[in-house]
Amino acid sequence: EALLERTSQLRQFRVPLVAFASSLGAAAEKTDGLAREVREALRLIGPPRPWGAPAAAIRKLEGAARDLEPLRGVLEGASERLAGLGGRVHRQTEQITSGVHSLRTSAASVLFDRVAQIVKSEAMREDKLVTVQVGGGDTPVDQRLVEGLVEPLRQLARNAVVHGLEGASARVRAGKPEVGQIRLRAQTRGGSVVITVEDDGAGVDTAAIRRQAVEIGLIPAEAASTLGAAALLTLLFYPGFSTRREVDLLAGRGVGLDLTLAAVHRLGGTIHLESRLGHGLTATIVVAAEGGLSRVLWLGAGGATFALLAEHAGRIERARDTKRRVVPLASLVGEAAGPAAEPAFAVTIVAPWAEVSGVTIGVEAIGSLEEVTLRPLPAFVRALGPWSSAVPWAEEIRLVLDPLRLAQVAARRSAA
């Protein structure tokens, strides 16, 4: 662990090394320009003559010109050497990180085996017939993530068996097979590990969530009427939001979900719920792959720089040319950015969640694509805005935008 942390920090040295190399290159160009100016001055002065420029001045200029010539070569050589060293540091640290990281990587099947045990024991206790299907079991998962995800996945699977899947007779009446199914899937997407827990049970009635949220005073009726299905399902994560009052409609799904989400947040991840009433519920956990590299696009807004995972960056066009509704990014991130300027570019956000489609943010600058290491954020920092993790970049920390939360904030601002 200490070696991984050291090599991760070493990787960041590439940034100032390359920047220094660039400044040396600029100095070399400036030196070359000075040499040209001195030579031009000498040409204008012409040869020494009794009535012309003093011979001493000409000799000084000639000496300066001679001194500048080798200095230019030194600067160019130093610039090239620094750039080469930066590349070597980057390659070596990547090889070290990859080698050491492989020592603490497990297959997702190790995690799924532990989750399947709780499914079997809960099914026996509830007298239900349940099978577990596994996909992507060979997906590599960092051992620390395996340990951190065991309990959240167990809770999601337990809720699916106890509160989601119907009994055999009820399933037959609903036209389903007697045996319920829990599907566990793992995959890597960009720099993230994506794990889904899906069942073919009764699902969750989002209309019932809306009614109960208004009844207990969690949200006002006016606001509740504007919330979509995904936003309503997030209320199940609210501490103390009881689903037992309408157990047939809500299927007790909120039991323990606040602690489950908190555990995933501690890993720098998030959970997304998707319900199909009468056909089941899918819980998707997205968490940054520890030690892995993620490809991000830098976005400038309000004088600050943010990161967006490349997989979530869709169409990019000039803000003045787009026909889409553009929401300035600086207005969505609050105090994390300074005063917003007029957006120059429009970036369409892409994600597998319905509410994200159609969201286009306006930014003042588009940077390059970089491979970076994501780091989890403390819970109180994540609560401050639409970001999920961070990137240590040279001497600063850059926030990574969460597309789902970004879309939700944009929707609220549009409604307001």
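I began with strand β2 (residues 130–135) and strand β4 (residues 180–189), which pair in the parallel sense over six bridges. I took helices (H or I, at least four residues) and strands (E, at least two) as DSSP runs numbered from the N terminus, and I counted two strands as paired if DSSP finds at least two bridges between them. The model is predicted, so local features need pLDDT of at least 70 and side-chain atom pairs count only at pLDDT 80 or more, whereas totals for chains, interfaces and linings use all residues. Residues are numbered from 1 along each chain as its sequence is written, and side-chain values use heavy atoms, with hydrogens and water left out.

**Entry 1**
T131 stands opposite Q181 in β4, and V134 stands opposite L184 in β4. L184 also has a bridge partner in β5, namely V197. Strand β4 and strand β5 (residues 192–199) run antiparallel and are joined by eight bridges. I then traced the whole sheet: it is open, has five strands in the order β2-β4-β5-β7-β6, and its pairing is mixed. Its edge strands, β2 and β6 (270–276), each pair on one side only. From one strand to the next, the twist averages 15°. For angles I used axes that are lines fitted to C-alpha atoms, for helices over the stretch in contact, with values from 0 to 180 degrees between N-to-C directions.

I next noted what covers β6. Helix α11 (residues 257–266) lies across β6 and β7 (280–288) and runs at about 135° to β6. Contact here means heavy atoms within 4.5 Å.

I checked D127, which is found in the loop between α4 (108–126) and β2. D127 has a positive phi of about 55° although it is not a glycine. Its relative accessibility is 70%, and therefore D127 counts as exposed. I applied these classes: buried is under 20% relative accessible area, exposed is over 50%, and partly exposed is in between (1.4 Å probe, protein chains only).

I looked up how β8 and β9 are joined: they run antiparallel, with six bridges. In their hairpin, which has two residues between the strands, G302 takes a positive phi near 60°. Five of the six residues of strand β9 (residues 304–309) are buried, so β9 is largely enclosed by the rest of the structure.

I then searched for aromatic pairs. The rule joins rings of Phe, Tyr and Trp (its six-membered ring) if their centres lie within 6.5 Å; planes under 30 degrees apart are stacked, over 60 edge-to-face, and the rest tilted. The count comes to one aromatic pair. W298 and W393 form this tilted pair, at 5.1 Å centre to centre with 55° between the planes. The pair links distant parts of the chain, since W298 belongs to strand β8 (residues 294–301) and W393 to strand β16 (residues 387–393), 95 residues apart. Both W298 and W393 are buried.

I also found a charge over the ring of W298: the charged end of R398 sits 4.6 Å from the ring centre. The criterion is NZ of Lys or CZ of Arg within 6 Å of the ring centre and within 35 degrees of the ring normal.

**Entry 4**
Strand β12 (residues 345–349) and strand β13 (residues 360–363) pair in the antiparallel sense over four bridges, and V347 stands opposite I361 in β13.

I examined T322, whose place is in the loop between β10 (313–318) and β11 (326–328). T322 is buried, because its relative accessible area is 13%. T322 touches E317 and A346, not counting residues up to four places away in sequence.

**Entry 1. Totals for the chain.**
I recorded 14 helices and 17 strands in the protein chain. Of its 416 residues, 45% count as buried. Among contacts in the protein chain with a separation of 6 or more, residues 24 or more positions apart account for 69%.
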